[in-house]
Amino acid sequence: MQTNFLSQQFNAGSLAENSTACPANATICDGTSCILPEDNFNQTLSVVLSTVLTIMLALVMFSMGCNVELKNFLGHMKRPWGIFVGFLCQFGIMPLTAFLLSLAFNILPIQAVVVMIMGCCPGGTASNVIAYWVDGDMDLSISMTTCSTLLAMGMMPLCLFIYTKMWTDADAIVLPYDSIGLSLVALVIPVSFGIFVNNKWPSKAKIILKVGSIVGAVLIVLIAVVGGILYKGSWVITPKLWIIGTIFPAAGYTLGFLLARLAGLSWHRCRTVSLETGMQNTQLCSTIVQLSFTPEQLELMFTFPLIYSIFQLLFALLILGGYRLYRRHRVKTKTDVEKTAQKEDSKSSAKINGGFVSDEVK
């Protein structure tokens, strides 16, 4: 059994009373340092979270597929301007932003590498759920997620090779192509079934979509809370990573929206591109760093993907809340304008026809 050498210092008084003061589960103890069995909690939690996330991915993407029109989806593939803009955001803006943030905050090389890995990851599936709630273009959202996951096979190694040369050898970073492929399969198959259901039974597809969108939103928040609270890793990391983890997703959302708008996309597609840019596949990032670095190195930066995940979700909820308030205000204002126009028309008609104006119109 592998063991962790954890040095535990005891005060002089305790050693005087009991020179063998050690934790009960210590296997070897010389009075000042102990050998403890390896704590497998984090590994177990990681497996549980990965399983839940995979199930969530399949269910949510099936329900999201129920909102996709095959004709519109194929239209994005034939005229991929929106997908191309998303590609520039995903593998152009995000890696460059990660690089600039790492330089600006002058973090350790090993920490800069994990920030770069996060910036090079494809979009996460949570963006599809949020895009639905902000009335985004679901056909574009799902096509962007699918294409970014597929293109990540080649773009991630290229971006990491370009940007991480000053900190580490790109060969030292292990890319889990099997995990990327699994994410792609778990995305394409459920969406395909969802599109089929929407084409075959439109009324049932609407019910599945509503239920799936609510369940997906709840599960996204639940996974973020479980990963943030129950994970027993070292949260005492440099404040610089906390700051970067806050700025990075906000920059992704903002820059993605601006680039989409400059590219001439409609407002609902701008919202879609923004969410697809800022919401990264943090689970994939965690897998990569676990495969690439030693336990000692992981202590310095393993929690960064969790930090990013928390803040990307927080900002996404703020965007959702802001949009809902805007839409409610806009609908209310539009209704008031229509009522005012109707009153004025009624008054004009009454004046022209010589009739009287009722109290309701006044």
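**View A. K206 in helix α9, and C66.**
Helices (H or I, at least four residues) and strands (E, at least two) are DSSP runs, numbered from the N terminus. K206 belongs to helix α9, which spans residues 202–230. K206 counts as exposed because its relative accessible area is 57%; the cut-offs are under 20% for buried, over 50% for exposed and in between for partly exposed (1.4 Å probe, protein chains only). The C-alpha atom of K206 lies 7.0 Å from that of C66, although the two residues are 140 residues apart along the chain. The model in this and the other views is predicted, with local features needing pLDDT of at least 70 and side-chain atom pairs counting only at pLDDT 80 or more, while totals for chains, interfaces and linings use all residues. Residues are numbered from 1 along each chain as its sequence is written, and side-chain values use heavy atoms, with hydrogens and water left out.

**View B. The loop between α4 and α5, with N106 and I107.**
N106 sits in the loop between α4 and α5, the latter covering residues 109–120. N106 is not a glycine, yet its phi is positive, at about 50 degrees. With a relative accessible area of 62%, N106 is exposed. I107 lies in the loop between α4 and α5, but I107 counts as buried because its relative accessibility is 8%. T238 is 131 residues away from I107 along the chain, and the C-alpha atoms of I107 and T238 are separated by 8.7 Å.

**View C. The salt bridge between R327 and D135.**
The structure holds 2 salt bridges, each a side-chain nitrogen of Lys or Arg within 4 Å of a carboxyl oxygen of Asp or Glu. In the pair shown here, R327 meets D135 with the closest N and O atoms 2.7 Å apart. This pair joins distant parts of the chain, since R327 is in helix α14 and D135 is in the loop between α6 (126–133) and α7, 192 residues apart. R327 is partly exposed, at 27% relative accessibility. D135 is also partly exposed, with a relative accessible area of 29%. D135 has a positive phi of about 60 degrees without being a glycine.

**View D. The salt bridge between D137 and R269.**
The side chains of D137 and R269 form a salt bridge, with 2.9 Å from N to O.

Rolling a probe the size of a water molecule over the atoms shows where empty space is left. On a 1 Å grid over the protein atoms alone, a pocket is an open set of points with protein on both sides within 12 Å along at least five of seven lines, a cavity is a set where a 1.4 Å probe fits but cannot get out, and lining residues have an atom within 4 Å of a point. The second largest pocket holds about 290 Å³ of space, a volume being the space filled by probe spheres set on the points, which are joined across faces, edges and corners. Sorted by class, the lining of the second largest pocket has 7 nonpolar, 1 polar and 2 charged residues (nonpolar: Ala, Val, Leu, Ile, Met, Phe, Trp, Tyr, Cys and Pro; charged: Asp, Glu, Lys and Arg; polar: the others, Gly among them).

**View F. The largest cavity and its lining.**
Of cavities of 30 Å³ or more, the structure holds 2. The largest cavity contains about 60 Å³ of space. Around the largest cavity lie I83, G86, F87, Q90, F91, M144, C147, S148 and L151. Helices α4 (81–105) and α7 (138–163) each supply at least two residues of this lining, and α4 gives the most, with 5 residues. The lining of the largest cavity comprises 6 nonpolar and 3 polar residues, with no charged residues.
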